[in-house]
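The following exercises are to be worked with the sequence and the coordinates at hand. Each task is followed by a solution in steps.

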Amino acid sequence: MAGDEQQAAAGGNGSSRFAVTCGLLRQYMKEHAGGRFLPAVPMSVVVPGADDVVVGAAAVVEEAPEERKTMELFPQEAGTLKGSQERKETSKSPQLTIFYGGSVAVFDDFPADKADELMKLVAGSFDSAAAEVDAGAAAACHPSLPDMPIARKVSLQRFLQKRKNRLVATESFPSASPPESEKEESSKRAKKEGDGAPWLGAG
Amino acid sequence: MGGEAGDRRLGRVMSFGIPDVALGLVMGFVEDPWDRDAISLVCRHWCRVDALSRKHVTVGMAYSITPDRLLRRFPCLESLKLKAKPRAAMFNLIPDDWGGSASLWIRQLSASFDFLKALHLRRMIVSDDDVDVLVRAKAHMLASLKLDRCSGFSTSSLALLARTCKKLETLFLEDSSIADKENDEWLRELATNNSVIETLNFFLTDLRASPAYLTLLGRNCRRLKVLKISECFMPDLVDLFRTAEILQDFAGGSFDDPGQDAESRNYENYYFPPSLHRLSLLYMGTNEMPVLFPYGATLKKLDLQFAFLSTEDHCQLVQRCPNLETLEARDVIGDRGLQVVAQTCKKLQRLRVERGDDDQGGLEDEHGMVTQVGLMAVAQGCPHLEYWAVHVTDITNAALEAIGTFSKSLNDFRLVLLDREANITESPLDNGVCSLLRGCTKLQRFAFYVRPGALSDVGLGYVGEFSKKIRYMLLGNAGESDQGLLQLSTGCPMLQKLELRGCFFSERALAMAALQLKSLRYLWVQGYKASPNGTDLMAMVRPFWNIEFIAPKQDEPCPHGQAQVLAYYSLAGMRSDCPPSITRLHPSI
């Protein structure tokens, strides 16, 4: 909806929305000439690893958004000129992300041609590794999740901890308190330790 | 329009023949954002009318849209709520350097949102500079500022706000992490410069507040209705309560101050203003509890999460509070306490039972356990419950069925099964969950955190089938295999936000579910069946989705350091402030 407003503004006086949209489409096609409309399908390839039974690596070169292969004509990015400028700025340092042996590595400023080389390298070893994949995938699927205790809400936990620390502190230095206060403290403590004792019998 | 879920698809034919004047008048009465969304889709003109008349917007994920874009869509916004860090941050599960700075937003809001007078930031990082920028632009009109579970600023910002924002009616800082806590000069500034403040909340912040300044506040700020402070010895607050005559809601104080002598601990005839209906007192123990007895019948809200009472104390106190609409406690309240609640509190709308201090033997009442017994009693006794969050040590299908049968008003139900007991009475709970979801037709939020085996794939299928209106869902240790998740994802037509923890789903299944759930725009997962190389997550990648892989901390062997996946729909592109521990997944070449 905001996109519509944007387009209307870009179109200026009198020109219809349709004409503006056509213009944008033409411009988009021009910029992305060469039949490069590939679907944005993730590519993953597998290479044999040195130590692991099975390792997989997917080289994923981070793309600048304006080089996306999908036809995002609507609604958000095609019409926002300012947005595309911002995106250009952020695309100066393409990153390379590699999933390998269960870990993730990110390399900044990775040139695209090097990434291509790497992808070729990885693709070359694909066939030899393919056989190992099935066996390895099965082995990696041990049906057990690491123990994951129920998380505690920080605010309440912090409060309970603070009170616990205070109880410990008052217990460690009983003589520091004035006599009456000490009596009060200890009776209070006794009450808390034997919490509910009077009603236990009743209940 | 607030009727059935499917009714919101309004046709263009709706717009024919309705004059602009009438449309404008009607729109003025439509506040529900979902209704407004539906209206804005009818035709271009209605969209424009909605855009110009929308006063408040909540952005559930600050990285999902740019301030620019929001302004273009809603140029007349008066109130904005923004949330950034995932909910898991409240449980210490998100790395400190995750991000969530409010700087960009505050700069743009200050520069271009001319009508903005209320800002609510939740789980964000707000620096002193940010507050300075905001104050420079908005001091003359800022009516409400909520820095809700935020961090990064100090009391000097509070002093600035107090000095300059004369129209500030609400200052909310609850559970925020604020630097320079000992300096309470800001409170004096507020008390002397602001006469319109109605809500001041710095509960759970540990900010110091001298009783003299609080009394000054009560005396000068005659509209003060809500005051939530940090620890402050109750006998020192007597003057405050005498002066703040129209106070309705108070939280904080303290009955526990080892530095004070015994004489000052006499709470007989302690005075609270007659208008006070909502209370949360820190460190209230058995001896101090009678202070509330004379006020029991007037109380609408009682928060006992920060009190130290036995199960019996809870029974005694609740018995005296027949008009409670909101009750919050730790699980020490026990089944017995909940039975008393069921008998006494017929008007109860919100009930929260938090997890107590279960690993420190002796401190909590051993009899404080909540099970199916307590749940069944409450379901039958409190028919008006709308919000119910509870931590239990045992649960049965019958109890869940009872909730489905009786709790017809529930729109938010959250259950966590604790791991205190090795075994629970009944498992799986598939049929109970099925009955609950079928019965509670108003449910919009649903959390079910159990243990492996307690909700099978069949149960997940039920969840998918009967969650017609649920927008938010949390599942913990649920399901047995990918099949369950896939089954779930064929249903849940309204599900926008899904959180999964400790569920045995593969990356591929997570990705397929993310693609299949048609309303989904936010997914957080911790603990899943990771593929050897993580590439299966790539199946989730698509335009307008930001997918972040949060690597476990290398130096922390603790289980909280498990890998997480956060995926959200975004019109703002990739965020640029990811720390090294976060990997953004992109479409590959």
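**Exercise 1. A helix pair in chain B**

At roughly what angle do the axes of helix H5 (residues 103-112) of chain B and helix H6 (residues 128-138) of chain B cross, and within what distance do they come?

Solution. The model is a predicted one. Step 1: the axes of H5(B) and H6(B) come within 9 Å and cross at roughly 10 degrees. Step 2: angles under 35 degrees count as roughly parallel. Step 3: H5(B) and H6(B) are therefore roughly parallel to each other. Step 4: on H5(B), the contact is made by B:Ser103, B:Ile106, B:Arg107, B:Ser110 and B:Ala111; H6(B) contributes B:Asp130, B:Val133, B:Leu134, B:Ala137 and B:Lys138. An α-helix has 3.6 residues a turn, so residues three or four places apart point the same way.

**Exercise 2. One residue of the contact**

Determine whether B:Ser110 is buried, exposed or partly exposed, and list the residues that B:Ser110 touches beyond four places away in sequence.

Solution. Step 1: B:Ser110 is located in helix H5 of chain B. Step 2: a residue is buried if 20 or more other C-beta atoms lie within 10 Å of its own, and exposed if 12 or fewer do. Step 3: B:Ser110 has 18 other C-beta atoms within 10 Å and is therefore partly exposed. Step 4: leaving aside residues up to four places away in sequence, B:Ser110 touches B:Val133, B:Leu134, B:Ala137 and B:Lys138.

**Exercise 3. The annotated span**

Which residues of chain B does the UniProt annotation "domain: Transport inhibitor response" cover?

Solution. Step 1: according to the unreviewed UniProt entry, the annotation covers residues 75-121 of chain B. Step 2: this span is 21% helix and 19% strand, and its end C-alpha atoms lie 19 Å apart.

**Exercise 4. A covered helix**

How many of the 10 residues of helix H13 (residues 372-381) of chain B are buried?

Solution. Step 1: seven are buried, and the helix is mostly covered. Step 2: the buried residues are B:Gln372, B:Gly374, B:Leu375, B:Met376, B:Ala377, B:Val378 and B:Ala379. Step 3: their cover includes helix H12 (334-344), strand E14 (350-354), strand E15 (387-392) and helix H14 (397-406) of chain B.

Methods:
Residues are numbered from 1 along each chain as its sequence is written. Chains are lettered from A and ligands numbered from 1 in the order in which they are written. This is a predicted model: local features need pLDDT of at least 70, side-chain atom pairs count only at pLDDT 80 or more; totals for chains, interfaces and linings use all residues. Axes are lines fitted to C-alpha atoms, for helices over the stretch in contact, and angles run from 0 to 180 degrees between N-to-C directions. Helices (H or I, at least four residues) and strands (E, at least two) are DSSP runs, numbered from the N terminus. Angles under 35 degrees count as roughly parallel, over 145 as roughly antiparallel, 65 to 115 as roughly perpendicular and the rest as oblique. Two residues are in contact if their C-beta atoms, placed from the backbone, lie within 7 Å. UniProt positions are given in the numbering used here, feature names are shortened, and annotations may be inferred rather than shown by experiment.
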